[in-house]
Amino acid sequence: DPHEIELAAASKRKLRRFIVIDEVVDKLYGSKVRAYFRENNVQHKILSLPTTEETKSMELVLNILQEVQSFSLDRRTEPIIAIGGGVCLDIAGLAASLYRRRTPYIRVPTTLLSYVDASVGAKNGVNFLQCKNKLGGYTPPVASFLDRSFIQSIPRRHISNGLGEILKMALMKHKGLFDLLKNHGKYLLDTKFQSCNGFAYHGDAALQTTRIAIETMLEELAPNLWEDDLDRLVDFGHLISPELEMRVLPSLMHGEAVNVDMAFMTYVAHARGLLGAGEKEQILQCMQGLELPVWHSGCSWALIQRALRERLKHGGGQTRMPLPTGLGPVDIFNDTSEETLERAYKLWVQD
């Protein structure tokens, strides 16, 4: 905004920024980030932290807040900037929301998963008592800056991990996105979502895929930002996965756990007669083409029962179970019997 730049230039107060950056991202891009602030004459403090599911705690949030206090941040004019994956964005977002009741913050996602998921919406939080995101709040960022060039430095498994959340959006509400993933999945993995010239057959599959994933996510989140309505299609893949992910850390990443959940729910949908055998196989083949796990030994029948009991507690006494009814649409069901679930589970394990 030229007016903002003019005001900043006219101000006698030096521009100041507090940045929370994941330590791995700092090793890769920290020198460029520091050079950027130096060249723009911005006084800055960069806090490099290990941000993983295992460290995603209130202790880390309080560490950030102590540093923020030492920096003497002005909460009206100096937003906190978070640069990293979803865990980093969640932790920094919660810290910002707590400091002086609400300090603005900016999200800069550096993984595919955070690019299409954590960068969108208002939620932030930390794990507590071995429960995923048990503490948190709803404070949207003032901005999310999306740059796919960050994604080129992450390992292939992390690309696949992000594709799990993109596939969720495809199966939930967009057949075209499903077709993109089915037809171009290997290409997207190979090129790490970079827009490459000279591949006419693929078009700009990376841009199309990420744009549709974000747009469909926004369509679902915007009308229900504070989750007043508990019937949420975006919960597809998130009934069993929170329990599974925390139980088997660090063997499954978030998108992988979500995909294991979606694979099981695909079998549940088939057992209920919502999906034909051919549609079920297409979904599983797409998952495998994206190099995502379709089963995990830690996802026992006892764990599924425990996760669904937890779902009932927080779903107002209903399971509110999103299930695919085709390649693209999903609907929410509250009447899936225990017998159907167990039959689906046995077939899933057998396959």
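This is a predicted model: local features need pLDDT of at least 70, side-chain atom pairs count only at pLDDT 80 or more; totals for chains, interfaces and linings use all residues.
Helices, of at least four residues, and strands, of at least two, are taken here as DSSP runs numbered from the N terminus. The UniProt record, an unreviewed entry, lists residues 48-160 under "domain: 3-dehydroquinate synthase N-terminal". The points below turn to the domain assignment of the chain, and then to the contacts between its parts.

**Domain layout**

- The domain assignment of the chain gives domain 1 as residues 2-151 and domain 2 as residues 156-350.
- Taken over C-alpha atoms, the centres of domain 1 and domain 2 are separated by 28 Å.

**The interface between the domains**

- On the side of domain 1, 22 residues are in contact with domain 2, and on the side of domain 2 the residues they meet number 31.
- The size of an interface is often expressed as the accessible area that is lost when the parts come together.
- For domain 1 and domain 2 the area buried between them is about 2,200 Å², with 68% of it on carbon and sulfur atoms.
- Within domain 1, the residues that lose the most area to domain 2 are Leu112, Leu113 and Arg148, which together account for 29% of what that side buries.

**Polar and charged pairs across the interface**

- Between domain 1 and domain 2, seven residue pairs are in polar contact, counting pairs in which both residues are at pLDDT 80 or more.
- Helix H5 (112-118), strand E5 (123-128) and strand E6 (131-138) each supply at least two residues of the side of domain 1 that touches domain 2, and H5 gives the most to that side, with five residues.
- By residue class, this side of domain 1 divides into 11 nonpolar, four polar and seven charged residues.
- Side chains of opposite charge can pair when their charged atoms come close.
- The rule for salt bridges finds three of them across the interface of domain 1 and domain 2.
- The side chains of Lys132 and Glu245 meet in a salt bridge, with 3.3 Å from N to O.

**Salt bridges in the model**

- By the same rule, the count of salt bridges comes to 28.
- The side chains of Lys134 and Glu310 form a salt bridge at 3.4 Å, N to O.
- Because Lys134 lies in strand E6 and Glu310 in helix H12 (residues 301-314), this pair ties together parts that are 176 residues apart in sequence.

Definitions and conventions
Residues are numbered from 1 along each chain as its sequence is written. Side-chain values use heavy atoms; hydrogens and water are left out. UniProt positions are given in the numbering used here, feature names are shortened, and annotations may be inferred rather than shown by experiment. Domain bounds come from an automatic or database domain assignment. Contact means heavy atoms within 4.5 Å. Buried area is the accessible area (1.4 Å probe) that two parts lose on being put together, summed over both. A salt bridge is a side-chain nitrogen of Lys or Arg within 4 Å of a carboxyl oxygen of Asp or Glu. A polar contact is a pair of N or O atoms within 3.5 Å; within protein, one must be able to donate a hydrogen and the other to accept it, and residues adjacent in sequence count only if both atoms are side-chain atoms. Ala, Val, Leu, Ile, Met, Phe, Trp, Tyr, Cys and Pro count as nonpolar, Asp, Glu, Lys and Arg as charged, and the others, Gly among them, as polar.
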